[in-house]
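Reader: I'm new to this one and would like a hand reading it. Could you take me through it feature by feature?

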Amino acid sequence: MSSGRILVVEDEGKIADLVKAYLEKDNFSVTVAGTGQKAISVLKEGFDLIILDLMLPDMDGEDICETIRNDSTVPIIMLTAKSEEEDRIKGLGIGADDYVIKPFSPRELVARVKALLRRVKGTKERISFNEGDLIMDSSRFEVWKKKLPVTLTPTEFKLLQCFADHPGQVFTRLQLVNVILGYDFEGYDRTIDAHIKNIRHKIEDNQRQPTYLKTVYGVGYKFIGQPDED
Ligand code: CA
């Protein structure tokens with residue numbers, strides 16, 4: 001299932017490709033527009049979020065932003081090489097929801113995309129699994145198990161959040177190291193097992209028969225909690 005449809009308006013091919021690849025890794029479907037005209041022509045296809053470069057060959061990102069805002073409240077993240085506060089305020093004034101300054105890390109951008117989508121959906125910051133057995137509030141960094149608060153370390157929270165955001169997806173230890181540290185670091189992967197053990201201790205009824213964090217032998221782990229309907 002797609003995480004959402006994203007329009008990336010960016011004339012620099014390399015950046016557009018990189019952003020597209022990272023978003024697709026997270027199951028977003030991505031359309032790239034290299035010019036303002038192209039962006040405006042595909043708008044009616046309907047997108048969940050737009051990533052908009054401020055500097056385009058044929059139009060200003062600001063103008064496109066205003067055009068979009070004439071008839072749409074779609075969330076917009078502006079990409080800009082300008083770091084001046086003034087430009088940011090200007091951008092937000094014409095209706096962008098968030099800003100990312102170039103050069104940026106694609107992972108950071110994807111995180112902003114997700115955060116913005118969650119914010120837009122409102123209640124999505126709070127996700128619940130297995131008929132309310134486990135509740136996570138990502139804005140408050142809080143977790144409840146059977147309606148009782150659970151204390152997770154920031155690392156444990158990060159890991160659990162990554163799993164909960166991707167139910168059913170298998171993560172290797174090295175990928176999880178990346179989630180925690182932001183880069184791969186061989187030799188750290190065994191620590192993942194220790195973190196998983198700690199999280200299980202806090203959220204599983206029976207650690208030998210987990211209903212949330214399942215071991216995928218020879219590969220890593222996956223989240224098997226069932227998201228509750230809103
Ligand atoms: Ca550009």
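Predicted model: local features only at pLDDT ≥ 70, side-chain atom pairs only at ≥ 80, totals over all residues.

Author: Let's start with a term. In the chain you'll find eight helices and twelve strands.

Reader: What is the phi of Asn27, then?

Author: The general idea first: most residues other than glycine have a negative phi, and most peptide bonds are trans. Asn27 has a phi near 70°, a positive value in a residue other than glycine. With 40% relative accessibility, Asn27 counts as partly exposed. Glu131 is not a glycine either, and has a positive phi of about 55°. You'll see Glu131 in the loop between β6 (126-129) and β7 (134-137), and its relative accessible area of 77% makes Glu131 exposed.

Reader: And which residues does a cis peptide bond join?

Author: That would be Lys102 and Pro103, with omega at about -5°. Look for Pro103 in the loop between β5 (98-101) and α5 (106-121).

Reader: Now the metal. Which residues are the protein donors of the calcium ion?

Author: A donor here is an N, O or S atom within 3.2 Å of the Ca, and as water is not among the atoms, a site may look incomplete. In this model, Asp11 and Asp53 each give an OD atom and Met55 gives its O, at 2.1 to 2.3 Å from the calcium ion. Their spacing in sequence reads D-x41-D-x1-M. Asp11 sits in the loop between β1 (4-9) and α1 (13-25), and Asp53 in strand β3 (residues 49-53), so this pair ties together parts that are 42 residues apart in sequence.

Reader: Are those two aspartates buried or exposed?

Author: Take them one by one. Asp11, at 33% relative accessibility, counts as partly exposed. Asp53, at 2%, counts as buried.

Reader: At what angle do α6 and α8 pack?

Author: Two packed helices are described by the angle between their axes and the distance between the axes. For α6 and helix α8 (residues 189-203), the angle is about 80° and the axes are 10 Å apart. The two helices are therefore roughly perpendicular to each other. On the α6 side, Thr155, Glu156, Leu159, Leu160 and Phe163 take part, and among the α8 residues they meet are Ile192, His195 and Ile199. The residues of this contact divide into seven nonpolar, three polar and two charged.

Reader: What does His195 touch?

Author: Leaving aside neighbours within four places in sequence, His195 is in contact with Thr155, Leu159, Ile180 and Tyr188. This histidine lies in helix α8 and is buried, with a relative accessible area of 15%.

Reader: How about the chain as a whole?

Author: Its C-alpha trace spans about 60 × 40 × 35 Å along its principal axes. Of the 230 residues, 43% are buried. Among contacts between residues at least 6 apart in sequence, 53% join residues at least 24 apart.

Key: Residues numbered from 1 in each chain as written. Heavy atoms only, no water. Donors = N, O, S within 2.8 Å, 3.2 Å for Na, K, Ca; no water. Helix = DSSP H or I, 4+ residues; strand = E, 2+ residues; numbered from the N terminus. Buried < 20%, exposed > 50% of the residue type's maximum accessible area, 1.4 Å probe, protein only. Axes fitted to C-alpha atoms, helices over the stretch in contact; angles between N-to-C directions. Parallel < 35°, antiparallel > 145°, perpendicular 65-115°, else oblique. Contact = heavy atoms within 4.5 Å. Nonpolar A, V, L, I, M, F, W, Y, C, P; charged D, E, K, R; others polar.
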